[in-house]
Structure formats: structure tokens, C-alpha cells
Amino acid sequence: MNATQEMRRKTRRFMIIAIGVAVVAFVVIAWGGINKNLVYYWTPTDLVANGDKAYGATIRLGGMVTGGSIKNHAGVSGVEFDVHDGAKAVHVKSNGVPPQMFRENIGVVVEGTMVKGGYFQCNRLMVSHSNEYRAPKSGHPIDKQELEKLMKSTDGLESK
């Protein structure tokens, strides 16, 4: 056996081992729970349509906050509300303090999971808003109704 044949045999052996290692690594990654790291982006209609697949999966649920559905927890942080997409609505419970811009009829994305209790448990609440700031007009008077709305939106917040 000459040196050229020996070199080819070593190269072939190396290639087979390298491909084998790559295949084993791929199988381990695929079999090892890559689905646990996936985050689905669904609307309420998608969430309802997927049924049992929604339980336990990490989901970003996008939609609008239903008017009249916001319930603040007195004395503790947290809020409950409904998210809808025009066709379906999902009840959401969040233990965190909602962003200042959170209100009825605003677009939201909530991250969490559907639980067997029939509601969506939210770990992260994000609001969708325009980045355009409009300063109030000079001498803009605030009427009583606007002032009451402002005061209600700050209920439960403590100054530090």
C-alpha cells in the first residue's frame, strides 16, 4: 500500500466521522426539546383554534384590549382584561404592573401561556402605541372628565 492510498483512506475515515458527529449533534438538538424554546405568535382566534396545543406552550398573544374588561386588583399589583381580535376574545391575567400607556382599546402583545383554568397567564405585557408625541396646545385647559380619567389611571400607584 502506497502513501497516496493511505492518505485517501485517512481522509475518507475523517469525513465519515465528521458527518457522523454532525448527524448525532443534529439528532440531539432536535430530540432534546427544541420545541420548549419556541415562542408562538397567535391571535385569540389562533389560540382558541389550537385547543390543547396552547396549554403549556409559550405564546405571544396579540390583539386589542376589550373596552370595559380591565379589572385592577386592589392592594396588589396585577390586572385582568380581555384581548380580542374581532372574532374571538381571551381572558388574560397578569401579576405585574401594567405599562403606563395600558388602557382599553389599545393594541397589546402579552407573553405567557394558556392554563387549564381557562385563562391566559401573562408574564409580560407590552402595549402597541405610536411613537409620535404631540404636546398639548399652549394653555390647553383640562376639563373635569379628563382630570378624573387621569386620576383613575394612576390609582394604586405609589410615589417613591
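The backbone oxygen of Lys 93 sits 3.3 Å from a polar atom in the side chain of Gln 121, a polar contact in the sense used here (a pair of N or O atoms within 3.5 Å; within protein, one must be able to donate a hydrogen and the other to accept it, and residues adjacent in sequence count only if both atoms are side-chain atoms). This is a predicted model, in which local features need pLDDT of at least 70 and side-chain atom pairs count only at pLDDT 80 or more, while totals for chains, interfaces and linings use all residues. Residues are numbered from 1 along each chain as its sequence is written, and side-chain values use heavy atoms, with hydrogens and water left out.

Gln 121 belongs to strand β7 (residues 120–128). At 18% relative accessibility, Gln 121 counts as buried; the term means under 20% relative accessible area, with exposed set at over 50% and partly exposed in between (1.4 Å probe, protein chains only). Leaving aside residues up to four places away in sequence, Gln 121 touches Lys 93, Ser 94, Asn 95, Glu 111, Gly 112, Thr 113 and Val 115, where a contact means heavy atoms within 4.5 Å. Lys 93 also stands opposite Gln 121 in the strand pairing: β5 and β7 run parallel and are joined by three bridges. Two strands are said to pair if DSSP finds at least two bridges between them.

Strand β4 (residues 79–84) is antiparallel to β5, with six bridges between them, and Phe 81 stands opposite Val 92. Four residues separate β4 and β5 in their hairpin, in which Gly 86 takes a positive phi near 100°.

With β7, β6 pairs in the antiparallel sense over eight bridges, and Arg 124 in β7 is the bridge partner of Glu 111. The hairpin of β6 and β7 has five residues between the strands, and Gly 118 in its turn has a positive phi of about 90°. With β2, β6 is again antiparallel, over six bridges; there, Leu 61 has Val 110 as its bridge partner.

The count of salt bridges (a side-chain nitrogen of Lys or Arg within 4 Å of a carboxyl oxygen of Asp or Glu) comes to one. Glu 111 and Arg 60 form it, with the closest N and O atoms 2.6 Å apart. Because Glu 111 lies in strand β6 (residues 107–114) and Arg 60 in strand β2 (residues 59–65), the pair ties together parts that are 51 residues apart in sequence. Glu 111 is buried at 17% relative accessibility, while Arg 60 is partly exposed at 32%.

Across the protein there are three helices and seven strands, these being DSSP runs numbered from the N terminus (helices H or I, at least four residues; strands E, at least two). Their order along the sequence is α-β-α-β-β-β-β-β-β-α. Of the 160 residues, 21% are buried. Ile 19, in helix α1 (residues 3–31), is exposed with a relative accessible area of 53%.
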